Amino acid sequence: MLNKLVFFKKILISPLSISIIFFLVLQFPIFNYGFNYRDEGYLLNNAQRISNGEIPYVDFSLAITPGAFYIQALAFKIFGNYVVTDRILYILCVIFVLVLSSKLFKFPKHLNYVYFLSLALIYTGMGAFASYNMYGVVFVMVSLFLFKKLKENIKTCFYAFLIGLVNFLTLTTKQTYGFIFFFSFLFLIIFFTRHRYLFRNTL
């Protein structure tokens with residue numbers, strides 16, 4: 001019993017838990033305050049049109065890739081056409097990014113608290129309102145996590161395949177992230193893993 005209490009105490013005072021609580025404490029007071037006509041309005045309007053059966057680039061113009069709008073349209077189909085759905089998705093995305101960050105970046109104990117609290121504060125500043133960019137951030141973080149797994153499991157190319165798949169999802173939600181990280185991960189896979197011989201062996 002004592003070991004369980006120590007374990008739960010360790011989890012509760014961890015940098016990850018503290019940062020999530022800090023983010024929620026900052027986010028909830030402004031969670032339902034006002035409406036952002038720029039990013040949030042753009043996200044909701046295009047998602048609503050897709051939910052109504054319209055097709056991007058055919059029935060209405062878009063200057064970016066439509067993945068984020070399809071994700072929001074799916075949320076509309078499941079939960080109904082409510083503004084609050086995109087804000088809940090944003091909060092879940094930030095928590096997921098914080099969790100992945102805890103797996104990817106390790107600092108000395110006190111710097112860990114500073115890093116995670118700063119990250120939580122940044123994402124609160126970015127979005128009392130939802131942003132279509134957040135899905136791209138999530139997919140980039142997933143790709144980084146998969147690259148870490150690839151380095152740890154050098155005998156399989158499965159993680160390289162998953163990185164490519166997730167990078168495609170990144171491209172569909174935020175085209176600039178997709179292009180940048182496609183070449184970044186290609187460089188990392190070739191030069192920073194033993195898979196740098198992959199192309200040579202298959203030619």
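Phenylalanine 183 is exposed, at 53% relative accessible area. The model is predicted. The protein chain holds 10 helices and zero strands.

**Overall make-up**

- The protein chain has 203 residues, and 39% of them count as buried.
- Along the sequence the pattern reads α-α-α-α-α-α-α-α-α-α.
- The chain exposes about 12,300 Å², with carbon and sulfur atoms supplying 71% of that area.
- Take the contacts between residues at least 6 apart in sequence: 70% of them join residues at least 24 apart.

**Aromatic pairs**

- A search of the whole structure finds eight aromatic pairs.
- One of them joins tyrosine 42 and phenylalanine 69, edge-to-face, at 5.5 Å centre to centre and 90° between the planes.
- Tyrosine 42 lies in helix H3 and phenylalanine 69 in helix H4, so this pair ties together parts 27 residues apart in sequence.
- Phenylalanine 69 is buried, with a relative accessible area of 0%.
- Tyrosine 42 counts as partly exposed, at 29% relative accessibility.
- Phe105, Tyr115 and Phe116 are linked into a cluster by ring pairs.

**Nonpolar cores**

- The largest nonpolar core has 30 residues.
- Phe23, Val94, Val97, Tyr123, Met134 and Ile163 have the most contacts inside this core.
- Six helices each supply at least two of its residues: H2 (15-27), H5 (83-104), H6 (109-126), H7 (134-152), H8 (158-173) and H9 (175-192).
- H7 gives the largest share, 10 residues.
- Another core, of 10 residues, lies apart from that one and includes Ile50, Leu62, Ala73 and Phe76.
- Methionine 134 is in contact with Tyr90, Cys93, Val94, Val97 and Tyr123, leaving aside neighbours within four places in sequence.

**Serine 143, a buried site in H7**

- Serine 143 has its place in helix H7.
- Its relative accessible area is 1%, under the 20% cut-off, so serine 143 is buried.
- Neighbours within four places in sequence aside, serine 143 is in contact with Ile163, Val166, Asn167 and Phe185.

**Threonine 85, a buried site in H5**

- Threonine 85 is found in helix H5.
- At 9% relative accessibility, threonine 85 counts as buried.
- Leaving out neighbours within four places in sequence, threonine 85 is in contact with Gln72, Phe76, Phe79 and Gly80.
- Threonine 85 and alanine 75 are 10 residues apart in sequence, and their C-alpha atoms are 6.9 Å apart in space.

**Surface patch**

- Ile55, Tyr57, Val58 and Tyr70 form a nonpolar patch on the surface.
- Together these four residues have about 420 Å² of accessible area.
- Tyrosine 70 is found in helix H4 (residues 67-79).
- Tyrosine 70 is partly exposed, with a relative accessible area of 41%.
- Tyrosine 57 lies in the loop between helix H3 (39-51) and H4.
- Tyrosine 57 is also partly exposed, with a relative accessible area of 47%.
- The phi of tyrosine 57 is near 70°, a positive value in a residue other than glycine.

**Salt bridge**

- The structure holds one salt bridge.
- Glutamate 54 forms this bridge with arginine 49, and the closest N and O atoms are 3.0 Å apart.
- Glutamate 54 is partly exposed, with a relative accessible area of 24%.
- Arginine 49 counts as partly exposed, at 27% relative accessibility.

Conventions
Residues are numbered from 1 along each chain as its sequence is written. This is a predicted model: local features need pLDDT of at least 70, side-chain atom pairs count only at pLDDT 80 or more; totals for chains, interfaces and linings use all residues. Side-chain values use heavy atoms; hydrogens and water are left out. Patches are made of residues with over 30% relative accessible area and no salt bridge: like charges are joined within 9 Å, nonpolar side chains (Val, Leu, Ile, Met, Phe, Trp, Tyr) within 5 Å. Accessible areas come from the Shrake-Rupley method with a 1.4 Å probe; for residues, only the protein chains shown count as cover. A salt bridge is a side-chain nitrogen of Lys or Arg within 4 Å of a carboxyl oxygen of Asp or Glu. Helices (H or I, at least four residues) and strands (E, at least two) are DSSP runs, numbered from the N terminus. Buried means under 20% relative accessible area, exposed over 50%, partly exposed in between (1.4 Å probe, protein chains only). A nonpolar core is a set of buried Ala, Val, Leu, Ile, Met, Phe, Trp, Tyr and Cys residues joined through side-chain atoms within 4.5 Å. Contact means heavy atoms within 4.5 Å. Rings of Phe, Tyr and Trp (its six-membered ring) pair if their centres lie within 6.5 Å; planes under 30 degrees apart count as stacked, over 60 as edge-to-face and the rest as tilted.
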